[in-house]
Amino acid sequence: MITQARGNTNIIEMQNVGIRYGQGPEILSDIRLALPKGSFHFLTGKSGAGKTSLLSMMYLAQKPSRGTVSVFGKDINFTHRDNLAMLRRRIGVVFQDFRLLDHLSAFDNVALPLRVCGMDEREIRKRVNELLSWVELDRHILDTTATLSGGEKQRIAIARAVINRPDLLLADEPTGNVDNDIAPKLMKLFVELNKLGTTVVIATHSEKLINDFAFPRLHLQNRGLRIYYPSDSSLMEKYHV
Amino acid sequence: MSDTSLISRRQELPLKGGNTSLFLQVIISIAVFIFAITLSGVLSINAMLSNWNQSILGSLTVQIMPVNDSNREKAQTETLAHQEKTLEFLKNVNGVIKATPLKDEQLQQLIQPWLGDGIDLINLPMPRIIDVKIASNAEIDFTQLAQDLTAVSPYASLDNHKLWLNKLIKFADGLKALAMTILILVTAITSGAIFYTTQMNLGLHSAIIEILHTMGAKDTYIAQQYARRMGFLGLIGGLLGLLCAIPTIFFIASLAKQIEGGIISEANLNINDWFIIFSLPLFSMAISMFTAYHTVKKTLRKML
Ligand SMILES: Nc1ncnc2c1ncn2[C@@H]1O[C@H](COP(=O)(O)OP(=O)(O)OP(=O)(O)O)[C@@H](O)[C@H]1O
Ligand SMILES: [Mg+2]
């Protein structure tokens, strides 16, 4: 009903999904999930609950051990490698550990998603410079990211994730290392993108963040997933609860 | 705003430098060096062979030694009988189109420069000669033919020069096969080295590759970077190897000339041969690119 009311398909769907590493026990079991286009969710749970694991299926770095995962309507178990690559180009990811290419400059790191899909170098320069000055890193454009601080790296990672205006943005603890004054600015960036139609999932430990922005919350507990909706009634309405 | 176009680096995979590059470059240089020298050998042998084959093809001469008997008449008849027998045999040999004994007049003409006119052949222990025409595509084993001839008639023998040349051709053919094997082996070993270093390198950079994949890079994008890098190493290694090979080839050629001017002078490399040898660095570049590209594609297929 929810999705039909919005007239859209779900960006992500999971059915009976289980994940295990090697021969170990399942760390997530029977996950059932549907994220409508244009939705914004927080992802919470204790350390080790499986937030990163769940996200990694969404950004197509991992297949489920069982069950089906569909991203942009494509079952990832039955999608050709090259088509998976095309799907990934529509997804922006902020990794918990940043995963920047530390031998490259801030500029080249942020330019990466654009170069991978063969964008014109002039256009790349324009976009990257613009975004880097927006995250207040224009001083460091040509510095290799190895020389940057944790917070600076995180902002680069975020810039890289949003540079190609993704349809799906997945962020793993994106504001963990940045100063208190820049965190709201970055959150605002995510919200702005969301308003433009990007579906967003943000894994976080920060209760403050969750309370400041009253978005529904995917909570991982005991290998399962529960969805909590914010108590605010207008938001309840917004999310058709 | 700073000008990012000047300093910006595009090397997402840090493939430059390092021991692997040096190792590959040395391997490729040595490979091209060996390849160039062996190839020049093959090409020289080819040149010799085509010269030799031309002189051996088409015709050959069979000689019937005169039977020794104090009775000239009898000796003559017997010699002619041997010639007949040999003729019969030759006509049935595969590849022989025609076998004609030289007539008395022709023989006389042959010896005329030495012995003058008016010689009566009966009084001379003159060998008889059979001129044999051979089909151009005939594959005649001359050594075998020589043996068969002796079996038919102990007085019959094959022209010595041809026989010797035939043995030489066989030897050269063997050498050529050996050289070709070396060429194939060198190519295979080089491709193998490129295959394994590429695979190792992919493992080394798996974190970067994973990131590139997450950004939506196709395997081709990564394979192209490897192909470009390996192609460069192949070209440089090839040029180095060629640079060392050229003087070596001339040195070997000069040694060969000292041994036996007659035969080896036919072994000169022509302009086409040199063109092939000089294009070896391009060849090693192509092999390196091809191998690296497909190694990456094949290895990455196993990743998600
Ligand atoms: N590659 C892996 N191999 C084996 N086990 C893994 C792997 N990745 C995660 N795990 C295990 O899976 C469980 C969930 O890990 P995950 O990283 O998804 O948790 P998380 O919720 O992101 O934790 P955190 O909040 O600390 O980032 C943990 O017990 C972890 O040890
Ligand atoms: Mg995590």
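Predicted model: local features only at pLDDT ≥ 70, side-chain atom pairs only at ≥ 80, totals over all residues.
Local features require pLDDT of at least 70 and side-chain atom pairs pLDDT 80 or more, while totals for chains, interfaces and linings use all residues. Residues are numbered from 1 along each chain as its sequence is written, chains are lettered from A and ligands numbered from 1 in written order, and side-chain values use heavy atoms, without hydrogens and water.

Gly48(A) places a backbone N or O atom 2.9 Å from an oxygen atom of ligand 1. A nitrogen atom of the ligand is 3.5 Å from a side-chain N or O atom of Tyr21(A). The surrounding residues (a heavy atom within 4 Å) include Lys46(A), Lys51(A), Thr52(A) and His205(A). This shell comprises 3 nonpolar, 7 polar and 2 charged residues. Helix α2 (residues 51-58) of chain A gives the most, with 3 residues.

The largest nonpolar core has 45 residues. A core joins buried Ala, Val, Leu, Ile, Met, Phe, Trp, Tyr and Cys through side-chain atoms within 4.5 Å; buried means under 20% relative accessible area (1.4 Å probe, protein chains only). Leu13(B), Leu212(B), Ile222(B), Tyr226(B) and Ile277(B) have the most contacts inside the largest core. Beyond four places in sequence, Leu212(B) is in contact (heavy atoms within 4.5 Å) with residues including Leu112(A), Val116(A) and Leu13(B). Another core, of 41 residues, lies apart and includes Phe190(A) and Phe215(A).

Conventions. Buried < 20%, exposed > 50% of the residue type's maximum accessible area, 1.4 Å probe, protein only. Polar contact = N/O pair within 3.5 Å; in protein donor to acceptor, adjacent residues only side chain to side chain. Helix = DSSP H or I, 4+ residues; strand = E, 2+ residues; numbered from the N terminus. Nonpolar A, V, L, I, M, F, W, Y, C, P; charged D, E, K, R; others polar.
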